[in-house]
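Please find below a few notes for a colleague who is looking at this model for the first time. They are set out as numbered points, to be read beside the sequence and the structure.

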Amino acid sequence: MAIVGLGPHGERASPPERVTLLPQDIESARSKKLRIAIVMHTLESDWSKHLVQGIVGVLGECGAIVIDVVDCHFSPEQQIDALNRLRSENPDAIISLPVDNATVADAHIAASRAGIKLILIDNAPIGMLPGKDYVSLVSADNYGLGKIAAELLSSHLPPDSTAAVLGYDADFFASNEREIAFSQWMEINRPDVTVKSTRFTAIENAGEEAVRLIDCDPEIAGIFVVWDTPCVDVLRAVSERNLELPISTVDLGAEVTGNLAEDRGVVGIAAQRPFQQGEAIARTVITSLLNRPCPDWVALPGLQVSRSNVIESYQLVWRKPAPRDILLGLEILTST
Amino acid sequence: MFVKMGSSNANQSKGKGRPRSTETAVASLVDVLNLVRTGHATTRQELERVGEYGRAIVADRLTTLKDLGLVDESATGTATGGRAPRLVQFNKDIARLAVVNLEQSAVGVGISDLSGKILAEHHEMIDITDQNMTVDRICALIKWMLSRQTISADLWGISISVPGPVLAIAENPFLSKTPDFLPNWDNSGLVETLTQKFQAPVWMRSNVETMTMGEFHGGAGVGLQSMLFIKVGQRIGAGLVNDGHLFHGSSGAVGLIGQLPVNYGDVTGTLDAMAGSGMIKAKGAAAAASDASPQLADILARAGDVNAIDVCQAAQMGDTASTEIVVQSGRLVGGVVATLANMLNPQLIVLAGSIAQSNDILLASFREAVYGASHPLVTRDLRILRSQMSSSAALLGAANIAIEALFDPTFLKDWIIRGAPTEHPGFVQSLAFLDANLPTSANEPPPPPEI
């Protein structure tokens, strides 16, 4: 699938194959005894766990030691503290997913100015430029993910209906792109559908926001939630109201995947490939530490996942067999 | 208050700080604001010294500017013996600017404060041959961006960067009609729709000018006095900063180097045709079809088409045929730019555009051509870099162009006492004309998604 989005500064995407390590590169990296730190927005989601696994595996192959993996719990303050602390550890590189925009920019820039190679995941704070303030941004094609989610939800929306978008109330490149793309796809392909949006400030508020929106507009016939973890909260809240609304989201987390397989609300998922993204991130880090040029924006295309291809998508994304519950939900297995 | 200053007889003894009429009072108000805004004066004492105004005049003008919300004196500076002085600061958050970058195949929209800092931006692919859809999309994105702002502030202007030259109309401080920057765009209603929809003045410059301005204010050109900016895309254009200022020429048609004839082998054509993305795409497609490039042939088989970015990325990954195509482009552009460099002796040449951004081969062959064809004195301290700003340069440059226009003394004097440029008599008149002559429902974009 082609990349349809543009980077945070309008960059054209480079494919992950653009950062490839040859055997001699891996040898060179091994001789350098590199030290790398990882700063994540959260380590609780399935997406984060698989991304980190992808990073750590490739770094291990290159003899690079991961000195820390920080969970910032979506807190800008915790991220700033972590970056300032790690700066004093003087790692060769920091891989970071900035949890916000302006508030964390200075801490990232300070790490970069200290001579530490900075590779960003999914978000580039405003004012930070590739090649100057960071090496590369490695992300999914979030614009493409928003379009996939719109297309998946569209077939479940009756004519002249209303769709709700549950966005994230933070200035965050990835979720902004998904939200904009979802609305644009509907505008072009389903002009009969009215899109209404609201935003949650924390994951645990997503369900509450969804219900508030539904109360304001009972005509809502479907929901798009910008990623899977808040989607779980929305599913719970909608179910408590005994509402049956089709929902699409992003990321093949265990709970929403099970829900899709068992036909319990989720009708489609735009999936990222976190493990492969993690590998691309690690290859970008090593490439930059070998003083070779890196693309400004490396992007991985999304996968369109519906009930019909959920098993193979699960295997592709998580690199393991689908859980028994999912197989049962799809009636691939009949005996419990 | 300052409007009464013209009749006051107090403190009439010296210098520039003696307004004798409302007109001179407005002039000093404009001057004080611009001294504060540009950082030339940050305290009352500095305003008295730099502006050559008396203490009472400074106090009066600052009172007026504070009442208008344009300056703030709540912060204190560093004491140099005695009490710490109050800092006079421009309130850059009193309003916002919308900035738009329109390219042949992409659109970028951003929001900036009045210091020119970009606060939010978004870029997406678009087919600008569909003018109505493009205008609607720009409106929808501006509305979405404004809805995401945490500070509620009025919109004071929209500045657009477009993929063609915009001829200067000296008598108008803002646009009232869409100029013909590309064939038939004068009938698109872009400027008219934005003015009417957002009730704010609109400015427009070419991509090359805005990107040059952006690179100079926020990229590799910061702190320099002279810079050549070269944008390589379907068209190839140049921008020049000389002595710290963007060079406009007599009518704004600056840097159209893509029209120059060049030779490569036995073939002669314009630089646009011989080195632009059209050439790269055409030669790449031919290499794919003839199997001269297995990598491009693979892309053609899978995607059904090969574009210029595919060729540049294939070159970067070592494809021989693609490398030859990109090297041709770099050498030809470098040859023309060497002539400019020998004439102008810039401190820096910045190569930009998506073609330059996606590979290092173009930069390498461009450098080789410039260094090879230039006088040693020209290249002794010359740096040649690739832009790191992508399309953000155009947004930043567009913001700076709007700020220059808003605070130009001849425009500012007519709105400052009204508190906002949207109250400028010329703009109010222009808006009334549009409302009377254009139906407000024309080009009405769909409402942005919101509760």
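1. In chain B, the axes of helix α9 (residues 294-303) and helix α10 (residues 308-316) come within 10 Å and cross at roughly 145°, where axes are lines fitted to C-alpha atoms, for helices over the stretch in contact, and angles run from 0 to 180 degrees between N-to-C directions. Helices (H or I, at least four residues) and strands (E, at least two) are DSSP runs, numbered from the N terminus.

2. This is a predicted model, in which local features need pLDDT of at least 70 and side-chain atom pairs count only at pLDDT 80 or more, while totals for chains, interfaces and linings use all residues. Residues are numbered from 1 along each chain as its sequence is written, and chains are lettered from A and ligands numbered from 1 in the order in which they are written.

3. To return to the helix pair, Gln295(B), Leu296(B) and Ile299(B) in α9(B) meet Asp310(B), Val311(B) and Ala314(B) in α10(B), two residues being in contact if their C-beta atoms, placed from the backbone, lie within 7 Å. The residues of this contact divide into four nonpolar, one polar and one charged, on a scheme in which Ala, Val, Leu, Ile, Met, Phe, Trp, Tyr, Cys and Pro count as nonpolar, Asp, Glu, Lys and Arg as charged, and the others, Gly among them, as polar.

4. Ile349(B) lies in strand β13 (residues 348-352) of chain B, and Ile349(B) is buried, with 24 other C-beta atoms within 10 Å; the term buried asks for 20 or more such atoms, exposed for 12 or fewer, and partly exposed lies in between. Leaving aside residues up to four places away in sequence, Ile349(B) touches Leu228(B), Ile230(B), Val337(B), Ala341(B), Val370(B), Leu382(B) and Ile384(B).

5. The contact between the chains takes 28 residues from chain B and 31 residues from chain A. On the side of chain B that touches chain A, β4 (106-112), β5 (118-125), α10 and α12 (354-357) of chain B each supply at least two residues, and the largest share, seven residues, comes from β5(B). By class, that side of chain B has 13 nonpolar, 12 polar and three charged residues.

6. As for chain B as a whole, the secondary structure comes to 17 helices and 14 strands, and of the 451 residues of chain B, 50% count as buried. Among contacts in chain B between residues at least 6 apart in sequence, 66% join residues at least 24 apart.
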